[in-house]
Amino acid sequence: MTDIYAERFSRVLDYIDQHLDRPLPIDELCRLACFSRFHFQRQFSTYVGMSVTRYVQQMRLRGASYQLVFNPQRRIIEIALEAGFENPESFTRAFKRSFGQTPSEFRERPAWEPWKRTMPQPQRMRETTMPVEIVEREEIRIAVLEHQGSPDQLFNSVTRFIDWRKSSGRSPVATRRTFGMVYSDPEQTPPEVFRFDICGEVQAPVAPNPQGVINKSIPAGRFARLRHLGSTDRIGESANILYREWLPLSGEELRDFPLIFHYIKRIPEVAEHEQVTDIYLPLK
């Protein structure tokens, strides 16, 4: 598909992300894509792999999934109405048809791997100008839950780390920073050896705990920083800008420390497309 088509559909997909909380008439999306209704629906299905109606519903169910797991105090009826369903029954039928679990089952024991396989990941045009800054950072003490295994199971580890945060009170999400440390590229690493640290800033050492959270630190030093906007499912594209485009021309050398994500705005506090993540590449 040509760049102009990719640009049109990226514009449509971004628009859908930003307006999932209201009706999205096909004619409105056709005008945005500069296609007739007949051609738009055919082209959209070819580009995304499903109809526009199905895609919009999947994205609403995706947002509902995050609310079910990461906002357990919210009632399912509230999440259903927010996702555009008239009642919990229709929400439950659509959710189970998509993910093989009812909303209650998913909340209790989410099956993330089949969930991820149902999610469309159409290619999007990325920003061509993404400024990279070199910054100095002081040492940061962190509490860490080490994840090893399939990236599709990462949310299970995130849930365990959230449990530790809530039960210990040592790293309150409202006042302490949240990080991720990436030891390998999930696209190039066998799932069983993929490693990722889920981290929260702390002011005092972490005591032994049932979740398995341990003490580590992010060392002081120089870092290249790049801001990623939107879904962290596409954060690899921004990381590649640092590794493949910026680093070879920079004259800089890498330090022996993992890539760091600083989650500034994160689901479920904001919608997926509103997420903000700073990526830090350690430099000598």
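This is a predicted model: local features need pLDDT of at least 70, side-chain atom pairs count only at pLDDT 80 or more; totals for chains, interfaces and linings use all residues.

1. Helices α1 and α4. Two packed helices are described by the angle between their axes and the distance between the axes. Helix α1 covers residues 3-18 and helix α4 covers residues 52-70; their axes come within 10 Å and cross at roughly 45°. That angle makes α1 oblique to α4. The crossing in which α1 passes α4 is right-handed. The contact is made by L13, I16 and D17 on the side of α1, and by V52, Y55, V56 and M59 on the side of α4. An α-helix has 3.6 residues a turn, so residues three or four places apart point the same way. The reader may wish to look at the numbering of the contact residues with this in mind.

2. Helices α4 and α6. Helix α6 runs over residues 88-99, and its axis comes within 11 Å of the axis of α4, with a crossing angle of roughly 100°. The two helices are therefore roughly perpendicular to each other. From α4, the residues that take part are R54, Q57, Q58, L61, A64, S65 and L68. They meet F91, A94, F95, R97, S98 and F99 of α6.

3. Helix α2 and its cover. Which residues of helix α2 (residues 26-33) are buried? They are I26, E28, L29, C30 and A33. The cover over these buried residues includes α1, α3 (37-48) and α4.

4. Helix α2 is followed by C34, which is placed in the loop between α2 and α3. Phi of C34 is near 60°, a positive value in a residue other than glycine. Most residues other than glycine have a negative phi, and most peptide bonds are trans.

5. A cis peptide bond. The bond from I267 to P268 is cis, and its omega is near 5°. P268 belongs to the loop between β7 and β8 (276-283).

6. Strand β7 and L259. Strand β7 covers residues 259-265, and L259 lies in this strand. L259 has a relative accessible area of 6% and is therefore buried. What does L259 touch, leaving aside residues up to four places away in sequence? The contacts are G180, M181, V182, A239, Y243, I279, Y280, L281 and P282. One of them, M181, is 78 residues from L259 in sequence, yet the C-alpha atoms of the two are 5.7 Å apart in space.

7. Two loop residues. Q211 sits in the loop between β4 (195-201) and β5 (214-218). Although a loop residue, Q211 is buried, with a relative accessible area of 15%. Not counting residues up to four places away in sequence, Q211 touches L145, R160, D163, W164 and S167. E86 is found in the loop between α5 (76-82) and α6. E86 is exposed, with a relative accessible area of 74%. The C-alpha atoms of E86 and V213 are separated by 41 Å, and these residues are 127 places apart along the chain.

8. Aromatic rings. How many aromatic pairs does a search of the whole structure find? The search finds 25. F194 and F196 form a stacked pair, with 6.4 Å from centre to centre and 25° between the planes. Why is this pair called stacked? The reason is that planes under 30 degrees apart count as stacked, and here the angle is 25°. Both partners are buried: F194 has a relative accessible area of 3%, and F196 has a relative accessibility of 6%. Elsewhere, one aromatic cluster is formed by Y66, F70, F85, F91, F95, F99, F106, W112, W115 and F155. Of these, F91, F95 and F99 are also named in the contact of α6 with α4.

9. Arginines over rings. R8 lies over the face of F35, at 4.8 Å from the ring centre. R266 is placed over the face of Y263, at 4.6 Å from the ring centre.

Technical notes: Residues are numbered from 1 along each chain as its sequence is written. Side-chain values use heavy atoms; hydrogens and water are left out. Rings of Phe, Tyr and Trp (its six-membered ring) pair if their centres lie within 6.5 Å; planes under 30 degrees apart count as stacked, over 60 as edge-to-face and the rest as tilted. Buried means under 20% relative accessible area, exposed over 50%, partly exposed in between (1.4 Å probe, protein chains only). A charge sits over a ring if NZ of Lys or CZ of Arg is within 6 Å of the ring centre and within 35 degrees of the ring normal. Axes are lines fitted to C-alpha atoms, for helices over the stretch in contact, and angles run from 0 to 180 degrees between N-to-C directions. Helices (H or I, at least four residues) and strands (E, at least two) are DSSP runs, numbered from the N terminus. Angles under 35 degrees count as roughly parallel, over 145 as roughly antiparallel, 65 to 115 as roughly perpendicular and the rest as oblique. A crossing is left-handed if the near helix is turned anticlockwise from the far one by less than a right angle, and right-handed if clockwise. Contact means heavy atoms within 4.5 Å.
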